[in-house]
Amino acid sequence: MKKKFIHSYIGFIICIILLVVIPSESVFAASNGFQVSGTTLYDGNGKEFVMRGVNYPHAWFPSEYKTAIPAIANKGFNCIRIVVSNGQKWSKTNYNELQELISICKQNRLVAILEVHDITGADDTYSLEQAVNYWIEMKSLLQQNENYVIVNIANEWYGTWDDGTSWKNGYIFAIRKLREAGINNTFIVDCAGWGQYPQVIFDHGSSVLQADVKNNTMFSIHMYEYAGGNSDIVKNNMNQVLNKNLCLTIGEFGGYHSNGDVDEDEIMRSGRAKNVGWIAWSWKGNSSDLNYLDLSYDWNGNTLTQFGNRVIYGTDGVQETSNICSIFFQQ
């Protein structure tokens, strides 16, 4: 009896150990689509996915996607953040157009991160709701592509730098409405201050996440001169979000911006060290006063800018750190 008891006890301990040490990806192995857990984003196979992407301004250059998207994939990026329009400021990206964009991303093994750009910098809830309504209109398309599409609800909604209460309440409303409509994709929420005031995530990010019945929301900082101006700022902003056990990506960054330098080296270095995703702004198409943000001089990527070469071929860049999402290898 004593020997049998010891064997049973050992078996029990082994089971407990296995539960603790088996990678958490196994928890999500049967899930459909991306899923946030703590500071980590998992794909539909339960594998960690760390974004190494670039922004593509489709709403302003809608005829270039057949050239640009394959070119972006050929450089080794694993995701693409696509500017779309709900029709408030630019020509609406309609259902068929969005379907085509998702299809070509899938063909090129790029995770599509879709964002409504029309309400950039707006503070009113009405504008945010118009973005929400656009996603609800595209619901069936999003539902069909939970393994391949992440929804960045609204680009840089809430331009004001303040205590963040209005930002929090706006996104709680938005997320609840989207979930009630049956959209289960992972959501990305940009911080306030045109994406450069991450204090709202530090203070209110947990409340926004808790409002999501799917517990499937992550957060984005746009690191330009204010949120990414030097090494200390970059590391502090990343650490404060991660220390809240929230999932983070750097949804936009450049090497310089209107009012100062950006420490892109630290963004990429810390992104690698902390498994934080990043998405450079942008492939091509910036206005003449901001064209230093272009990664490529042409849509097909034949000639890269200094910034483009840094992001793609430099230390901690795409060629060193980008891994294609495992969902594209399951067929």
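Colleague: Which conventions should I keep in mind before reading any value?

Modeller: Residues are numbered from 1 along each chain as its sequence is written, and side-chain values use heavy atoms, with hydrogens and water left out. Because this is a predicted model, local features need pLDDT of at least 70 and side-chain atom pairs count only at pLDDT 80 or more, while totals for chains, interfaces and linings use all residues.

Colleague: In what order do the eight strands close into a barrel?

Modeller: Helices (H or I, at least four residues) and strands (E, at least two) are DSSP runs numbered from the N terminus, and two strands pair if DSSP finds at least two bridges between them. Here the barrel closes in the order β3-β4-β5-β6-β7-β8-β9-β12, with parallel pairing. Neighbouring strands of this sheet are turned by 25° against each other on average, direction ignored.

Colleague: How many bridges join β3 to β12?

Modeller: Strand β3 (residues 52-56) and strand β12 (residues 277-280) run parallel and are joined by three bridges, and Arg52 has Trp278 as its bridge partner in β12.

Colleague: Are the residues of strand β7 buried or exposed?

Modeller: The general idea is that buried means under 20% relative accessible area, exposed over 50%, and partly exposed in between, computed with a 1.4 Å probe on protein chains only. In strand β7 (residues 187-190), Phe187 and Val189 on one side are buried, as are Ile188 and Asp190 on the other, so both faces are covered. Strand β9 is mostly covered too, six of its six residues being buried.

Colleague: Which strands does helix α4 lie across?

Modeller: Contact means heavy atoms within 4.5 Å, whereas angles run from 0 to 180 degrees between N-to-C directions, along axes that are lines fitted to C-alpha atoms, for helices over the stretch in contact. Helix α4 (residues 125-137) lies across β4 (79-84), β5 (111-116) and β6 (149-152), and it runs at about 140° to β5. Helix α9 also packs on the sheet, where it touches β3, β8 (217-223), β9 (248-253) and β12, and its direction makes about 155° with that of β9.

Colleague: How is the packing of two helices described?

Modeller: Two packed helices are described by the angle between their axes and the distance between the axes. Helix α8 (residues 231-242) and helix α9 (residues 264-274) pack at about 30°, with axes 9 Å apart. This makes α8 roughly parallel to α9, on a scale where angles under 35 degrees count as roughly parallel, over 145 as roughly antiparallel, 65 to 115 as roughly perpendicular and the rest as oblique. The crossing of α8 past α9 is right-handed, a crossing being right-handed if the near helix is turned clockwise from the far one by less than a right angle, and left-handed if anticlockwise.

Colleague: Which residues of α8 and α9 meet?

Modeller: From α8, Ser231, Val234, Lys235, Met238, Asn239 and Leu242 meet Glu266, Ile267, Ser270, Gly271 and Lys274 of α9. By class, the contact of α8 with α9 has four nonpolar, four polar and three charged residues, where Ala, Val, Leu, Ile, Met, Phe, Trp, Tyr, Cys and Pro count as nonpolar, Asp, Glu, Lys and Arg as charged, and the others, Gly among them, as polar.

Colleague: At what angle do the axes of α4 and α6 cross?

Modeller: The axes of α4 and helix α6 (residues 165-180) cross at roughly 20° and come within 10 Å, which makes α4 roughly parallel to α6. Their contact has eight nonpolar, three polar and two charged residues.

Colleague: Why does His58 count as buried?

Modeller: His58, in the loop between β3 and α2 (65-74), counts as buried because its relative accessibility is 0%. Leaving out residues up to four places away in sequence, His58 touches Tyr65, Ile82, Val83, Thr93, Glu97 and Leu101. Ser103, found in helix α3 (residues 95-107), is instead partly exposed, with a relative accessible area of 28%.
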